[in-house]
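Student: Could we go through this model together? I would like to begin with the strand pairing.

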Amino acid sequence: MGRKIAIVLFNLGGPDSDKTVRPFLKNLFRDPAIIGAPLPVRWFLARLISTTRAPSVIKNYAMMDAGGGSPLLPETEKQAEALTTSLQKALPDDQVRCFIGMRYWHPFTEEAAEQVKAWGADEVILLPLYPQFSTTTTGSSLTAWSRAYKGPAKTICCYPFAEGLISAHVDRIMQAHKAAGEPDNVRLLLSAHGLPEKIVKDGDPYQWQCETMGEMVAARVPADWEVVPCYQSRVGPLKWIGPPTEEEIEKAAKDGKNILIAPIAFVSEHIETLVELGEEYRLVAEEHGAASYTRVEALGVHEEFISMLRDEVLASLKSDQTIRSCANSRLCPSDWKNCPHKQPHPKVGQRVNPSSKELA
Ligand SMILES: C=CC1=C(C)c2cc3[nH]c(cc4nc(cc5[nH]c(cc1n2)c(C)c5CCC(=O)O)C(CCC(=O)O)=C4C)c(C)c3C=C
Ligand SMILES: [Fe+2]
Ligand SMILES: [Fe+2]
């Protein structure tokens, strides 16, 4: 009898109906990884923001075909099923099962931990469905996990430069370009979820990982395309990293470009891709006279993406290290002190060349 291998897929979670939008938002804003204020202030802010924000957010959730809630869980379940099939094929003597641990709505990370315990897993691999590491996403899920599960587990912290991830993105982008009738005069916007600037200044490697990955995607699309990284979904009064996606759409529209917009930090469809990129920003592009506006689909169960996740899990199972990135060793230069790898970068002080063999 082989091993029982549990893969825990981390994601943000989303409400399952209009009634649960407010408590979902409250959970999100109560998280110290999202709002750094002391507890009473944070709880007060979470109540205030979730109450004031809920009405407009409920309208946006209602625009998707998901019963007033988020399609994130069903989309994640499809990814879990595809990954289980792929891993089970590679490990025929073992029993593989994927568990979903959402941070702010059911099935919560704590529920996944209970299921893993009840199943009696021999090996546990934590696999965030966030390719780039941020303290606000993967970091927060790891904190929730370690509170809920006391046994050993291996972590895949991030995989922004993994070959399968880059080529799956490029494939989705070229598919969208083809479906749009292969226009020329293209500006490709690589849009990622933003972050408050302070979080990055404090050492969060997310922006560095997004932009380095963006350079790798840019190197693979036609040479005459312009490629611009940008950040969407700003919330609250703090200064966020930029440039804002909305401003870049406006600029590209005014420049008469055919706009292709690709989500590079999300791996499945949800409110930020379907509503923000698909509906709201389309209006911005139209208002400012864009030649065309095409939204690139999220990766979902793209075969190269799922194979890449499988290979990361297989490498983690073989390794004696408890944490790995797609480069095996630490990916982030030392400036990014909130990288979860505590050992120094192999080339301390040097910028990683993502096209080097080391990252292949
Ligand atoms: C790369 C992934 C994400 C980062 C980084 C991130 C940071 C971050 N998010 C908020 C606030 C909100 N995010 C919301 C939705 C949402 N965020 C992500 C991913 C990242 N967030 C996803 C996948 C989703 C979609 C969930 C779904 O229901 O489908 C929301 C809710 C929607 C809304 O109100 O607009 C909020 C709020 C902050 C403040 C933050 C960094 C500090
Ligand atoms: Fe978010
Ligand atoms: Fe890192």
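Student: In β6, what is the bridge partner of H193?

Tutor: H193 has Q232 as its bridge partner in β6. This is a predicted model, in which local features need pLDDT of at least 70, side-chain atom pairs count only at pLDDT 80 or more, and totals for chains, interfaces and linings use all residues. Residues are numbered from 1 along each chain as its sequence is written, while chains are lettered from A and ligands numbered from 1 in the order in which they are written.

Student: How many bridges are there between β5 and β6, and in which sense do they pair?

Tutor: β5 and β6 pair over seven bridges, in the parallel sense. Two strands pair if DSSP finds at least two bridges between them. Strands (E, at least two residues) and helices (H or I, at least four) are DSSP runs, numbered from the N terminus.

Student: And β7?

Tutor: β7 runs parallel to β5, joined by six bridges; R187 has I259 as its partner there.

Student: Is β5 mostly covered or open?

Tutor: Mostly covered, with eight of its eight residues buried. A residue is buried if 20 or more other C-beta atoms, placed from the backbone, lie within 10 Å of its own, exposed if 12 or fewer, and partly exposed in between. V186, L188, L190 and A192 point one way, and R187, L189, S191 and H193 the other.

Student: Changing topic: where is helix α10 kinked?

Tutor: The kink in α10 (residues 271-287) is centred on Y281 and is about 35 degrees. The bend at a residue is the angle between axes fitted to the seven residues ending there and the seven starting there. Y281 is one of the buried residues of α10.

Student: What do those buried residues pack against?

Tutor: Among the elements are β5, β6 and β7, as well as α2 (39-62). Contact requires C-beta atoms within 7 Å, placed from the backbone.

Student: Which peptide bonds are cis?

Tutor: One joins H106 and P107, with omega about -10 degrees; another runs from G242 to P243, with omega near 5 degrees. P107 sits in the loop between β2 (95-102) and α4 (109-119), and P243 in the loop between β6 and α9.

Student: What about S233, buried or partly exposed?

Tutor: S233 is partly exposed, because 18 other C-beta atoms lie within 10 Å. The loop between β6 and α9 also holds S233, whose phi is positive, near 65 degrees, in a residue other than glycine.

Terms used
Contact = placed C-beta atoms within 7 Å.
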